Amino acid sequence: MTHQHRTRAQREEAFHRACCYHEAAHAVFALKAVGGSVCYVEVNRDWDNPYAGNCRVEVFFGGGYADHWRNALFCMVGRLAEVRVGWRALQTWDEFIDELALENDPETLEIYKCLEAMASDQLSETGDPEDEYDAATADADQALDEMWPEITAVADALMERGYLDGGEVERMVAAAEADGEDA
Ligand SMILES: [Zn+2]
């Protein structure tokens with residue numbers, strides 16, 4: 001089935017699912033990879049609002065290469081989760097830069113700032129934001145591999161309930177981790 005053949009209801013459902021996975025990926029990454037805490041995650045069913053989701057976390061990022069790298073990954077896992085559930089395609093660097101030029105997505109700007117900071121750091125291998133983009137994309141995708149059961153658990157609950165507080169997210173992540181260890 002192609003996008004064109006989907007009904008509006010099916011498109012809305014796919015969009016809602018993608019938003020839930022997007023926000024769940026931010027939340028689980030903040031908990032598991034950055035040692036942050038989640039205040040809440042919510043996704044509203046609002047077709048006309050491109051920012052229907054919200055993930056409030058408390059995370060501290062410093063100013064070194066590793067901090068910018070973690071911040072870039074924290075931002076990137078949301079859109080990469082949307083790629084995994086089939087809502088959008090992986091962005092090439094050129095497409096990313098085109099989106100940046102539109103200046104309508106704060107997350108795109110935040111990712112770009114991180115990539116620039118990484119590229120200008122002495123730890124950067126080539127000093128080129130495009131190379132940092134490719135490397136960070138691969139790293140973020142690998143993080144999703146490792147956290148997918150936890151992200152799925154949080155996204156499923158979000159699809160049903162629309163809002164989860166930080167304690168609920170933490171318990172779900174712990175339960176999904178325990179399941180993974182039993183398997
Ligand atoms: Zn996001």
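A residue is called buried here if 20 or more other C-beta atoms lie within 10 Å of its own. Keep that cut-off in mind for the views below, which come from a predicted model.

**View 1. Alanine 117 is a buried residue of helix α4.** Let us begin with a single side chain. Alanine 117 lies in helix α4, and it counts as buried because it has 20 C-beta neighbours inside 10 Å.

**View 2. Helix α4 spans residues 106–119.** Stepping back from alanine 117, we can look at the helix that carries it. Helix α4 has 14 residues and reaches 20 Å from its first C-alpha to its last, close to the 20 Å expected at 1.5 Å a residue. Which of its residues are buried? They are Thr108, Ile111, Cys114, Leu115, Ala117 and Met118. A handy reminder when you look at such a list: an α-helix has 3.6 residues a turn, so residues three or four places apart point the same way. The cover over the buried residues of α4 includes α2 (65–84), α3 (93–102) and α5 (129–161).

**View 3. The largest nonpolar core has 45 residues.** Within this core, Ala24, Val77 and Val154 are the residues with the most contacts. Which elements each supply at least two residues of the core? They are α1 (8–32), β1 (37–43), α2, α4, α5 and α6 (166–182). In soluble globular proteins, nonpolar side chains tend to be buried together.

**View 4. Alanine 24 has contacts with residues beyond its sequence neighbours.** Leaving aside the neighbours within four places in sequence, alanine 24 touches Val41, Ile151, Val154, Ala155 and Leu158. One of these, Val154, is itself among the core residues with the most contacts.

**View 5. Three strands form an open sheet.** The strand order is β2-β1-β3, with antiparallel pairing. The edge strands, β2 (53–58) and β3 (163–165), each pair on one side only. On average, neighbouring strands are turned by 5° against each other, direction ignored. How many bridges join β1 to β2? There are 6, and these two strands run antiparallel; in this pairing, glutamate 42 stands opposite asparagine 54 in β2. On the other pairing, β1 and β3 are linked in the antiparallel sense over 3 bridges. There, tyrosine 40 has aspartate 165 of β3 as its bridge partner.

**View 6. The whole protein has 6 helices and 3 strands.** From the N terminus on, its elements run α-β-β-α-α-α-α-β-α. The C-alpha atoms fill a box of roughly 45 × 40 × 30 Å along the principal axes. The radius of gyration is 16 Å, which agrees with the value near 16 Å for a compact globule of 183 residues. What share of the 183 residues counts as buried? The figure is 33%. Among contacts with a separation of 6 or more, 68% come from residues 24 or more positions apart.

Terms used. Residues numbered from 1 in each chain as written. Predicted model: local features only at pLDDT ≥ 70, side-chain atom pairs only at ≥ 80, totals over all residues. Helix = DSSP H or I, 4+ residues; strand = E, 2+ residues; numbered from the N terminus. Expected span 1.5 Å × (residues − 1). Buried ≥ 20, exposed ≤ 12 C-beta atoms within 10 Å, placed from the backbone. Contact = placed C-beta atoms within 7 Å. Core = buried A, V, L, I, M, F, W, Y, C linked by C-beta atoms within 7 Å. Pairing = 2+ DSSP bridges. Axes fitted to C-alpha atoms, helices over the stretch in contact; angles between N-to-C directions. Rg over C-alpha atoms; globule rule 2.2 N^0.38 Å.
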